[in-house]
Amino acid sequence: MKLTNGEIFQAKEPLGKLLGERLPVLVSYHLAQMALKLNEQFQVIEEVRRGLILRYGNPNPKDSSQMQVTEDSKDYLKFVKELDELMALETEFVIKKVLLPTEVDGKPFQIEPTTLMDLDKFVGVSGG
């Protein structure tokens with residue numbers, strides 16, 4: 001499956017939330033495998049993103065040890081262009097969609113739609 005860096009970056013937090021849910025062992029196992037494969041690429045993306053912030057950012061007025069890029073930064077447009085290029089890069093992964101159950105322990109499995117929005121390419125619903 002081809003994924004953009006942007007898709008991987010956006011899926012990090014929702015996938016983490018899903019990993020914290022009580023799910024059948026095989027579903028949990030497949031989600032954990034997927035997370036491990038994606039995490040390596042996420043770390044590369046995050047390292048490059050931080051580098052861009054260091055290059056184009058300014059010290060945060062509230063905490064000078066942190067850098068930030070704001071719309072009024074002199075190189076804001078350069079930053080946005082390079083960040084967009086980074087997020088558009090594609091990588092091929094050997095992963096399959098994980099099918100989430102509709103029930104866990106006889107109760108409906110519920111998760112917020114906002115958590116699932118960024119996971120569309122990664123998960124589906126069994127029987128649906």
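Tyr 29 is partly exposed, with a relative accessible area of 46%; here buried means under 20% relative accessible area, exposed means over 50%, and partly exposed is in between (1.4 Å probe, protein chains only). Tyr 29 belongs to helix H2, which covers residues 25-56. Helices (H or I, at least four residues) and strands (E, at least two) are DSSP runs, numbered from the N terminus. Tyr 29 and Val 98 are 69 residues apart along the chain, yet their C-alpha atoms are separated by 9.8 Å. The model is a predicted one, so local features need pLDDT of at least 70 and side-chain atom pairs count only at pLDDT 80 or more, while totals for chains, interfaces and linings use all residues. Residues are numbered from 1 along each chain as its sequence is written, and side-chain values use heavy atoms, with hydrogens and water left out.

Next comes the packing of H2 against other helices. H1 and H2 pack at an angle of about 130 degrees, and their axes are 9 Å apart. That angle makes H1 oblique to H2. The cut-offs go like this: angles under 35 degrees count as roughly parallel, over 145 as roughly antiparallel, 65 to 115 as roughly perpendicular, and the rest as oblique. The axes themselves are lines fitted to C-alpha atoms, for helices over the stretch in contact, and angles run from 0 to 180 degrees between N-to-C directions. The crossing of H1 and H2 is left-handed, a label used if the near helix is turned anticlockwise from the far one by less than a right angle, with right-handed used if clockwise. On the H1 side, the contact (heavy atoms within 4.5 Å) is made by Asn 5, Ile 8, Phe 9, Lys 12, Leu 15, Leu 18 and Leu 19. The H2 side brings in Leu 31, Ala 32, Ala 35, Leu 38, Asn 39, Gln 41, Phe 42, Ile 45, Glu 46 and Arg 49. Sorted by class, the contact of H1 with H2 has 11 nonpolar, three polar and three charged residues. For this sorting, Ala, Val, Leu, Ile, Met, Phe, Trp, Tyr, Cys and Pro count as nonpolar, Asp, Glu, Lys and Arg as charged, and the others, Gly among them, as polar.

Helix H3 (residues 76-88) also meets H2: the two axes come within 10 Å and cross at roughly 170 degrees. H2 and H3 are therefore roughly antiparallel to each other. From H2, the residues involved are Ile 45, Val 48, Arg 49, Leu 52, Ile 53, Arg 55 and Tyr 56, and they meet Lys 78, Phe 79, Glu 82, Leu 83, Leu 86 and Met 87 in H3. By class, the contact of H2 with H3 has nine nonpolar, no polar and four charged residues.

What about the aromatic rings? A search of the whole structure turns up one aromatic pair. The rings of Phe 9 and Phe 42 have centres 5.5 Å apart and planes at 20 degrees, so the pair is stacked. Rings of Phe, Tyr and Trp (its six-membered ring) pair if their centres lie within 6.5 Å; planes under 30 degrees apart count as stacked, over 60 as edge-to-face and the rest as tilted. This pair links distant parts of the chain, with Phe 9 in helix H1 (residues 5-19) and Phe 42 in helix H2, 33 residues apart. Phe 9 is partly exposed at 28% relative accessible area, whereas Phe 42 counts as buried at 14%.

Now for the strands and loops. Phe 93 sits in the loop between strand S4 (90-92) and strand S5 (98-100), and is buried with a relative accessible area of 10%. Leaving out residues up to four places away in sequence, Phe 93 touches Met 1, Leu 3, Ile 8, Lys 37, Leu 38 and Gln 41. Val 104 lies in strand S6 and is buried too, with a relative accessible area of 13%. Asp 105 is found in the loop between strand S6 (103-104) and strand S7 (107-108). Its phi is near 55 degrees, a positive value in a residue other than glycine, and at 57% relative accessibility Asp 105 counts as exposed.

Helix H4 (residues 113-117) holds Thr 115, which is buried with a relative accessible area of 2%. Thr 115 touches Pro 14 and Lys 17, not counting residues up to four places away in sequence. Met 117 is in helix H4 as well, but counts as exposed at 60% relative accessibility.
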